[in-house]
Amino acid sequence: IAFGLERAGFRFVWAVREPPKAQLDLPDDYSDPNDVLPEGFSRRTAGLGLVCGWVPQVSILAHRAIGGFVSHCGWNSILESLWCGVPIATWPVYAEQQMNAFEVVKELELAVELRLDYREGSNVVTAEELERALRRLMDNNDEVRSKVKQMEVKCRIVLMENGSSYEALNLLIHKLTAHIL
């Protein structure tokens, strides 16, 4: 990841976290991320990127400076990215993420393929693969970026008064409360 980010040369925020200590544990932040980064990476990317621990993902995605998002493709992450109009480079890790990645890349054309499948025991991508995906992701003339911007508008319209989600929720509320009264 470090070499791919460095090679691509784009500004970045990279949340680096320790692996969970046990199967059901949450990951922790490293006390010093430099302990796990390549020698000299922080110096070479100073002023270009920020390596940190946990970040509020939606707040980051909502910032106007964010041009792309490398995501594991959990459904919430996809929805948050679309809501914010930020295109995704897909890197599924487990469970339904592989299906989600396929759907947003191949079926909906709302994401750029970094990886579409996960491989048990080895989900490593090369610096070249990451660089290639980042370059496509950050291409302002790319069709994916245009479609994601259109989807951002649609996401917001459905929640407005008389939008489809707004109306569906009202219908559900009426059906549920009709039996209570």
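Trainee: Which residues of helix 4 are buried?

Mentor: An α-helix has 3.6 residues a turn, so residues three or four places apart point the same way. In this predicted model, local features need pLDDT of at least 70, side-chain atom pairs count only at pLDDT 80 or more, and totals for chains, interfaces and linings use all residues. Residues are numbered from 1 along each chain as its sequence is written, and side-chain values use heavy atoms, with hydrogens and water left out. Buried means under 20% relative accessible area, exposed over 50%, and partly exposed in between (1.4 Å probe, protein chains only). Helices (H or I, at least four residues) and strands (E, at least two) are DSSP runs, numbered from the N terminus. In helix 4, the buried residues are S77, I78, S81, L82 and C84. They cover an arc of only 165 degrees around the axis, so they are on the same side of helix 4. The arc is that of the directions from the helix axis to the C-beta atoms.

Trainee: What do the buried residues of helix 4 pack against?

Mentor: Their partners are helix 3 (57-62), strand 3, strand 4 (88-90), helix 5 (97-107) and helix 7. Contact means heavy atoms within 4.5 Å.

Trainee: At what angle do helix 4 and helix 7 pack?

Mentor: Two packed helices are described by the angle between their axes and the distance between the axes. Axes are lines fitted to C-alpha atoms, for helices over the stretch in contact, and angles run from 0 to 180 degrees between N-to-C directions. Helix 4 (residues 75-84) and helix 7 (residues 143-157) pack at about 95 degrees, their axes 7 Å apart. Helix 4 is therefore roughly perpendicular to helix 7. Under 35 degrees counts as roughly parallel, over 145 as roughly antiparallel, 65 to 115 as roughly perpendicular and the rest as oblique. Helix 4 contributes L82, W83 and C84 to the contact, and helix 7 contributes V148, K149, M151, E152, C155 and R156. By class, six residues in this contact are nonpolar, none polar and three charged. Ala, Val, Leu, Ile, Met, Phe, Trp, Tyr, Cys and Pro count as nonpolar, Asp, Glu, Lys and Arg as charged, and the others, Gly among them, as polar.

Trainee: Where does S71 lie, and what does S71 touch?

Mentor: S71 is part of strand 3 (residues 69-71). S71 is buried, at a relative accessible area of 2%. Leaving out residues up to four places away in sequence, S71 touches S77, I88, A89, T90, W91 and P92.

Trainee: Where is A95 placed, and what is its phi?

Mentor: A95 sits in the loop between strand 4 and helix 5. Its phi is near 55 degrees, a positive value in a residue other than glycine. A95 is partly exposed, with a relative accessible area of 43%.
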